[in-house]
Amino acid sequence: MSTFGRGIWVADLPENYCYDSEELEVNTDQTWSSDTTICSDIIVTDGAELTITGNITVSPVAVVKVLYGTLKVQGKLTCGRLRVVYNRRPTKLEVSDWGEIVIANKYLEIQEGATLDIKSRGNIT
């Protein structure tokens, strides 16, 4: 419930709204094949490779960030913000094998020097 001026109003939170301020750090090679919702930021680092083959939904207020490593999407990743950061170490985003990335807030950042590879009918919307 909120107040604005003299009125009181209630609004429903958006679908899949959740947020946990503790980051989920991926620093070893992993494959996520189950369907799940994640409420925190996801950080791929330490040269790790995160492969998504399931249906992963990340809270629209969280960010998926590749700092040093690879994010491979072969299933479906739905998120609010996606950043592939180049900091003089290899970073890569790969979408393949009918993989799909849906960016709800339309925020996609791929810094110069990072690699984007879309193949085998991969899709980013």
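A salt bridge here is a side-chain nitrogen of Lys or Arg within 4 Å of a carboxyl oxygen of Asp or Glu. With that in hand, welcome to a few close-ups of this predicted model.

**View 1. Arg83 and Glu109 form a salt bridge between two strands.** The side chains of Arg83 and Glu109 come together with an N to O distance of 2.7 Å. Arg83 belongs to strand 11 (residues 76-84) and Glu109 to strand 13 (residues 100-110), so this pair ties together parts that are 26 residues apart in sequence. Arg83 has a relative accessibility of 22%, and therefore counts as partly exposed. By the rule above, the count of salt bridges comes to five.

View 2. Have a look at Asp117, which pairs with Lys92 at 3.9 Å between the closest N and O atoms. Since Asp117 sits in strand 14 and Lys92 in strand 12, the pair ties together parts 25 residues apart in sequence. Asp117 also meets the side chain of Lys119 in a salt bridge, at 3.6 Å from N to O. How exposed are these residues? Asp117 is partly exposed at 22% relative accessibility, Lys92 is partly exposed at 25%, and Lys119 is partly exposed at 37%.

**View 3. Strand 10 (residues 69-73) is largely enclosed by the rest of the structure.** Four of its five residues are buried, which means under 20% relative accessible area. Strand 7 (residues 48-52) runs parallel to strand 10 and is joined to it by five bridges; Thr51 has Lys72 of strand 10 as its bridge partner. Strand 12 (residues 91-95) also pairs with strand 10 in the parallel sense, over five bridges. In that pairing, Val73 stands opposite Val95 of strand 12.

**View 4. The protein chain has 15 strands and zero helices.** Stepping back for some context, 38% of the 125 residues of the protein chain count as buried. The chain exposes about 7400 Å², with carbon and sulfur atoms supplying 45% of that area. Among contacts between residues at least 6 apart in sequence, 27% join residues at least 24 apart.

Note on methods
Residues numbered from 1 in each chain as written. Predicted model: local features only at pLDDT ≥ 70, side-chain atom pairs only at ≥ 80, totals over all residues. Heavy atoms only, no water. Buried < 20%, exposed > 50% of the residue type's maximum accessible area, 1.4 Å probe, protein only. Pairing = 2+ DSSP bridges. Contact = heavy atoms within 4.5 Å. Areas by Shrake-Rupley, 256 points an atom, 1.4 Å probe, with all protein chains shown as cover.
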